[in-house]
Amino acid sequence: MAYLTIGFPKKYRLPEEDGPASILKLDQDEKYLLGVCGRNVVVWNGGRSRVVLGSVSVCDDDVLVGADWSFVRGQIVCVSRQGEVYIVKYSEVAGTSRLSISDRGVDHQNPLHIASKDETARLKLRVERVASGFPDDNGTAVDFVTSLTVCPAGLLIGTSRGIFSCLSLNGDVIWRIKIPDFLQLSETVRKLGLLQRVASSDVATGEILHQDENQSFGGVLKLEFNNKLEICGVVLGNGLAFLLSFPDGAATPPELSQTRWLECVDVTSLALESRRMFVTVGLRNGDVNHMHIGYTPGDSCTLLKTVSLESWQADPDQTGPVSGLRWSRDGTALAIAWEKCGLAVWSISGCRILWISKEAQTQYSPRPTFKGDNAKRMWTPFSQEGKSIALEWGPRGFFLWSSILTGRMKLSHCISEMALYRSGVLCNADQSESTRSSLIGYDKVMILSYPDENGRESSDFQQLLIPLSYLRTTWPPEFISVNNERSLVAVAASKGVAVCNIATRRWRIFGDLTPGSHNKCCALAWIGKTLLIFNELIEANGETKYELNILSREANASPRAQPHVAIPAKPILVDVREDGYLLVVCENSLLYLYRLEIDSRTTQVTLHAKMILPTRESNSSKDSSKIPGGGISVARIFPPVDMPELDGDSEITGPSKLMMVRSTGTLIFVDMSSMMSVPLLRNVEQFWYSNNYTSKSVHFDSSKTRPVFWALGDDGVKVCFASEFKELLQEHAQHPRSRSAEGFVEKWFEPDPEAYPIGVSLRSGMMIGISQKVEPDVVGGAGVVVPFCSIDVRGQPFFHRVLSHLLRTSDDKDALKFAYQCLDLPQFVDSLEWLLFEAVSDDMENGNGRGGGTYEKREFRSRVLRLLHYFGEYEDIVIRCARKMESKKWPLLFAEVGEPAALLEMCYMSKQFRSAACLLIVLQEMWGLLSSLHHIARLLDRVIEEGCYDLASDLRHFLDNAEIAASNSPAPRRAGSYDYIVSASPMNRAHPSITASVIRKARLLLAADNFRSLSSLCLYLDFPLSLFLSKERGPMVSDFKLVGIQMHVSFIWDEPTGELVFGAINAASSSGDFDVLADLKSKSERQEDIVRTSIGSDVGVNFAMHMERARSSPGACRRIRNRAKQVTTAELQYLMNSALLAGEAADDIAALCAVLLLNLAVAEKVMKRNSAVKDGILDFLQSSGSRPYGTLATYLNPPEAEEAPEARGS
């Protein structure tokens, strides 16, 4: 399951004289955190805040190498390096403990502001020495203790010389064995893989276990005892590991026949997980192996999966060996620490859901990437992280603690704490799809908002702080439930229930929160807006009862409690179907199915069915958790309410089927009416339904286009449709011994090592996943680079998978109809491209279970291409798909779609020039450079004609990079009036045919008075605009009034204000006789470079279209408007300068640009030397109807002074 963090990790400093915390252990009640620092034992509060409750120095002249919470409450077992065993007894005393020192440069939160009095109560620690040191065997060799673990019989101790002992809490030795003598059989040596480490198989066992270069090479390195499995894992110093069985709690010595062997070498760490019966070993090369313990002692454990950082390009020398492994208490996530640097959390299915100390930042393309396209990753170390020497999970998985040893003096010894947010269905009774899309933390819940069907709103989490008044006396929160409409959320802790309206963010608290209350919530669920609360009640006589409370909420009324309903046993899992059926799975494998009838006044609850589930748990067992691998982790009513066709005859009588996931990861189907159990998949981490009851998706509204269930496992995400599910049940009825359903499920997605799936959005056609995003950030004032964590929501489209299913199982009409329904889905074209890619390259090899012969593959490819022909993006899809394929697969693709030259002609006809440009790369690879020159020149001529200047620039650079110079195969030179341009532009001398197209297009734009497109053409293609204008005949502006208005529109240029006009007049009056033309000629050689540098690729961009798209965001509109002003000012300046350099032939263009830019010095200079231009400019200004332009016309054409009296008389 998912565990993610937000914000900065906290750092708690430790006293330098005590040393780093070598051990971190949480007690059985998840109340205290034990830390061992040198010779001292420190007990911290394990709740919401980190408070030192007590500390004591255990030994004076030695250091502690092991400590753990004893099975006897109130005691801590410690052992020193020299073998002295101590018992630290603790008890609560009055008073308030001191707050631990937190690094304020990392976190500014005061932990005490939510701490209650109970959490800060002090502990009195008292040390008792119970045993002396261990004597060595011969009195000469030095032996020291290396590891300790507790067991029901007392404690297990391992030494550097391979002595393995069990001691009682009184200090008596119960039994003692020597590992080399215990492992004396040659068969044992073979199973352990010892002979792989030596050159000859004749080497004695003792020589293998004891190496001269390292005294501890054959000693006991680490021990871990799991009480539920009754197994102790042993890691030796030579890198070998094995499991010892202790069915009596280690009261008797282990037997060799009961030993389970791990065929691994270079083992450095080990961890046991009881629910799935995993043994996990960390290796010296940084990898981690998951093995299944199995049920047969004396055999080797089966390797299931290897977790490696190799896919993130991590070097073992960079991370070092695995130094620590720790499974979460629920067994769904594994924390891994490496010796040099690095801390990660992995899910069971192999998703790296959290990674601290170094971050793999993946850069994704907006288009889908395919198999073989490796994303580029960049490693960025964080300076404050170092060697993690201890790991521990916090209560309910809300924290992850690690003891870090760094080289920095300020935090050389510290404990790092990350606040985690876990999936809503993790350790939760409600497994609905809406609860699945939520996260719960130690102080808040996060609800995921799915995107709409148009993909306009991105998925994101909405954070809701749990009321502090509720958490103060009831922490930690345990259960969460979200209704199907995602409008209400309920959270329950040890007492009471808190309900929040997500829209208003208002919380209401129900229940008795007083400390003496014996009412405890054990499950939550919603049906509509009615909350179902399952409570545990302890009577005065000590008897425990369970009941269902119903809290209804009408549309315009306050919540109202209704009468209680007794539940026979403690609820473990609940599931509610929208038609009123309630499934309750209780402890001891008891199942009850209720019928709820809800009206405006009351809710009637009737028992519909009951049974005992087929699990390995015993009804008589008082502690079902002691049975490893037993139990059920998920139970859902089958089928979903929107797929009644799968219910058959029970549609009238009520549901009689359900889907379950065992704790071992097996997905099974159970029919209660016939008592039939069908195993479906193995190693399943979670599964969910395609619930369309509340989303009302118009795209996936049929059982043909919507899978019945989704299952996430070790090998990816698999789905099953209704038709295949019916076939599966029929197959199992005919062959009851069939144990596999692989032929009836389809594998849709490979395991994603970064994004963890949490559900699907049928409205947008996306599978939603979450991943941990870590970015380096600098703490203000401290100058320290620290990791800042956030949650990234990702979407994976599955529309192409549904199309592939329809093309394989239905006719083309169903697939075409479904595709037309999904035209408005985001990434529609990308999904079609993905469909074609898989049809050509992978075909049926993606594990869909329906592999066929060559004919079936050809038939499927033909059906895919027939479908794509109905859409106008056909050519673009084929070409983009070819670009992502290996060149060896191109013949197969083009054998189906036709010759590339014919595809290029289709691109010309449909004006898909960018697709044609992409196809040129394929042509160059297939036919060679010389054969593709004609197509390149032809395409370049067309894109210039159509006005795609940015694409024309890329094509021209493509030719330049290909180095087709005149010495190889020069393009034909066109003689005539274009030679002056060819000789003037060095960039165009090699391609005079390109220049001819540019001149032809430039003359068309000049004749149409489209001056902005003309400047864009010249800037993109390095065309000398000033030289072109000087060779053309004037005048170039046909109508000043009309062209002036057109320039205002094309350049998105606003009329000036009076303030701007008066400022320009004052600037022109004070400029004097500045020679504008002389200054321009000195800068003419680099004016194009200056313009390109200032506006980049925004030349000729239609900013009006961008503003229309962003009109809902005032900030985005403001940024676009500012950028448009910057770009169009640079373009007008470039056009004016080029016209001035062209001479009198382009005076009309220069004058118009000068007036728009309010460059009155240039306007006056041009109008003085060209009276026709002056008349046209004045006509444009006076006819505009704008007062500022009228003022400007008056300044440019002042009224003549009255004649002198002498002149009138004469």
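Mentor: A residue is called buried under 20% relative accessible area, exposed over 50%, and partly exposed in between, using a 1.4 Å probe and protein chains only. This is a predicted model in which local features need pLDDT of at least 70 and side-chain atom pairs count only at pLDDT 80 or more, whereas totals for chains, interfaces and linings use all residues. Residues are numbered from 1 along each chain as its sequence is written, and side-chain values use heavy atoms, with hydrogens and water left out.

Trainee: Is E417 buried or exposed?

Mentor: The relative accessible area of E417 is 2%. Buried means under 20%. E417 is therefore buried.

Trainee: With which residue does E417 meet in a salt bridge?

Mentor: A salt bridge is a side-chain nitrogen of Lys or Arg within 4 Å of a carboxyl oxygen of Asp or Glu. E417 lies in strand β32 (residues 413–423), and its partner, 367 residues apart from it, lies in the loop between β5 (40–45) and β6 (51–57); helices (H or I, at least four residues) and strands (E, at least two) are DSSP runs, numbered from the N terminus. With N to O at 2.5 Å, the residue is R50.

Trainee: Which residues are joined into one network with D830 by salt bridges that share partners?

Mentor: D830 forms a salt bridge with R880, the closest N and O atoms being 2.3 Å apart. The pair links helix α11 to helix α13 (residues 874–884) across 50 residues, and both D830 and R880 are buried. The residues joined with D830 are E833, D876, R880 and K884.

Trainee: How many disulfides does a search of the whole structure find?

Mentor: A disulfide is a pair of cysteine sulfur atoms within 2.5 Å. For C264, the nearest cysteine sulfur, that of C301, is 9.1 Å away. For C586, the nearest is that of C522, 8.8 Å away. The search of the whole structure finds a count of 0.

Trainee: Which residues make a nonpolar surface patch of about 330 Å²?

Mentor: Patches are made of residues with over 30% relative accessible area and no salt bridge, like charges being joined within 9 Å and nonpolar side chains (Val, Leu, Ile, Met, Phe, Trp, Tyr) within 5 Å. One member, L823, lies in the loop between α10 (812–821) and α11 (828–842). L823 is partly exposed because its relative accessible area is 43%. The patch is made by Y820, L823 and Y870.

Definitions and conventions: Areas by Shrake-Rupley, 256 points an atom, 1.4 Å probe, with all protein chains shown as cover.
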